[in-house]
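This report describes selected features of the structure shown below. It treats charged pairs, helix packing, a surface patch and backbone geometry in turn.

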Amino acid sequence: MNQNNTNNLDEFYLSDIAKILWDSKNILFVILVVSLFISFFLSSRISDTYKSVAILAPSESSDSLTKMSSQYSGIASMAGISFGGPSETSKVDQASEIVKSFNFFEEIISKYEIFFQVVAISGWKKDNNELEIDNDIYNSKTKTWVSNSEFSSNGRPSDQYAHRKFLKNFNLVIRKDTGIIEMSYIHYSPYIAQSILSTIIYEVNEKTRIDDIKQAELSIGFLENEISKTQLDEVKTELFKLIQKQIQTIMIANSNSEYTFKILSKPSSPEIKVGPNRILIFLMTAIFNLLVGSAIILYMNKKSLFTNKR
């Protein structure tokens, strides 16, 4: 019996809430209209963003080096020498970590305008392909950095700040089932998104290629020194084979510009924006404001609600 009374009271209470909100429907409608207007105004001030995407695959040179490392690992062990290489960690995995590293970012911003493009751009005008500069960060008239951020020095944002901002818009996914790599970058300008992504792919291929050449040359010097010190013909034979492996590494690196990542689909300048999602902004703003408005209306009528419940 008490349970039935409780259920009746709850139903009566909910009907009172519904009645109060229905009586206040004009106020809620005004809140809805105002919230939609505000969300439209705010979303219109958010610049569109574009995502350039590249589809990559492990290059043939990576496969060749992996096979060579496996082939010569036993020989190196017999000679008492250990060489780190693709057999220990996939070259693609290494390169994937390199492109996200701060050291790599420092290298590319010293060669290109990527730092300015990442930090100082706040929008893009499609009609005339003109970039919008963030005046709170860079004064285009005086050509000086003016940022007041805690991560700035003399108005110039720090490299680490730029790197963090870069990583927010950069993405790399390796499909474990196929080994295919999807690399993407988001920017206000579709052309800059394409340019930065193309630069990253080129530079990481160059870095891994040059690093392997340098490592192979150092290895050859080390092995030649070991040969000069040993008197055992068998050991010399094995060391010569290791030198041959390093020479092959240099030949492969010099013959292939797509050394680590082979481009299956090169970066493009996208025509369709990826953000912001203005419809979602409208809906979330409207729902939030309606909930807040309803809560305020119910709070203002709390006396009548509690009186009716009692």
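## Salt bridges, helix packing and backbone features

Lysine 19 and aspartate 23 both belong to helix H1 (residues 2–23), where they stand four residues apart, about one turn of the helix. The model that contains them is predicted. A salt bridge joins lysine 19 to aspartate 23, with 3.1 Å between the closest N and O atoms. Lysine 19 counts as exposed because its relative accessibility is 52%, and the cut-off for that class is over 50%.

**Charged pairs**

Side chains of opposite charge can pair when their charged atoms come close. Across the whole structure, a search finds 11 salt bridges. Three of these pairs are set out below.

| Pair | N to O distance | Placement |
|---|---|---|
| Lysine 19 – aspartate 23 | 3.1 Å | both in helix H1 (residues 2–23) |
| Lysine 91 – aspartate 212 | 2.5 Å | helix H4 (residues 91–99) and helix H8 (residues 190–229) |
| Glutamate 206 – arginine 209 | 3.1 Å | both in helix H8 |

In the second pair, the side chains of lysine 91 and aspartate 212 meet in a salt bridge at 2.5 Å, N to O. This pair links distant parts of the chain, since lysine 91 lies in helix H4 and aspartate 212 in helix H8, 121 residues apart. Lysine 91 and aspartate 212 are both buried.

Glutamate 206 counts as buried because its relative accessibility is 15%. Arginine 209 is likewise classed as buried, because its relative accessibility is 15%. The cut-off behind both assignments is a relative accessible area under 20%.

**Packing of H4 and H8**

The helices that carry lysine 91 and aspartate 212 can also be described by their axes. The axes of H4 and H8 come within 10 Å and cross at roughly 120°. H4 is therefore oblique to H8. The crossing in which H4 passes H8 is right-handed.

**A nonpolar surface patch**

Which residues form a nonpolar patch on the surface? The patch consists of Phe29, Val30, Val33, Val34, Phe37, Ile38, Phe41 and Leu42, and together these residues have about 780 Å² of accessible area. One of them, phenylalanine 37, is found in helix H2 (residues 25–44). Phenylalanine 37 counts as exposed because its relative accessibility is 58%.

**Backbone geometry in loops**

Glycine 275 and proline 276 are joined by a cis peptide bond, with omega about -5°. Proline 276 is placed in the loop between strand S10 (261–265) and helix H10 (278–300).

Positive phi values occur at asparagine 129 and at lysine 143. Asparagine 129 is not a glycine, yet its phi is about 55°. The loop that holds asparagine 129 runs between strand S2 (121–125) and strand S3 (130–133). With a relative accessible area of 47%, asparagine 129 is partly exposed.

Lysine 143 is not a glycine either, and its phi is about 55°. This residue lies in the loop between strand S4 (138–139) and strand S5 (144–145). Is lysine 143 buried or exposed? Lysine 143 counts as exposed because its relative accessibility is 62%.

Definitions and conventions. Residues are numbered from 1 along each chain as its sequence is written. This is a predicted model: local features need pLDDT of at least 70, side-chain atom pairs count only at pLDDT 80 or more; totals for chains, interfaces and linings use all residues. Side-chain values use heavy atoms; hydrogens and water are left out. Patches are made of residues with over 30% relative accessible area and no salt bridge: like charges are joined within 9 Å, nonpolar side chains (Val, Leu, Ile, Met, Phe, Trp, Tyr) within 5 Å. Accessible areas come from the Shrake-Rupley method with a 1.4 Å probe; for residues, only the protein chains shown count as cover. A salt bridge is a side-chain nitrogen of Lys or Arg within 4 Å of a carboxyl oxygen of Asp or Glu. Helices (H or I, at least four residues) and strands (E, at least two) are DSSP runs, numbered from the N terminus. Buried means under 20% relative accessible area, exposed over 50%, partly exposed in between (1.4 Å probe, protein chains only). Axes are lines fitted to C-alpha atoms, for helices over the stretch in contact, and angles run from 0 to 180 degrees between N-to-C directions. Angles under 35 degrees count as roughly parallel, over 145 as roughly antiparallel, 65 to 115 as roughly perpendicular and the rest as oblique. A crossing is left-handed if the near helix is turned anticlockwise from the far one by less than a right angle, and right-handed if clockwise.
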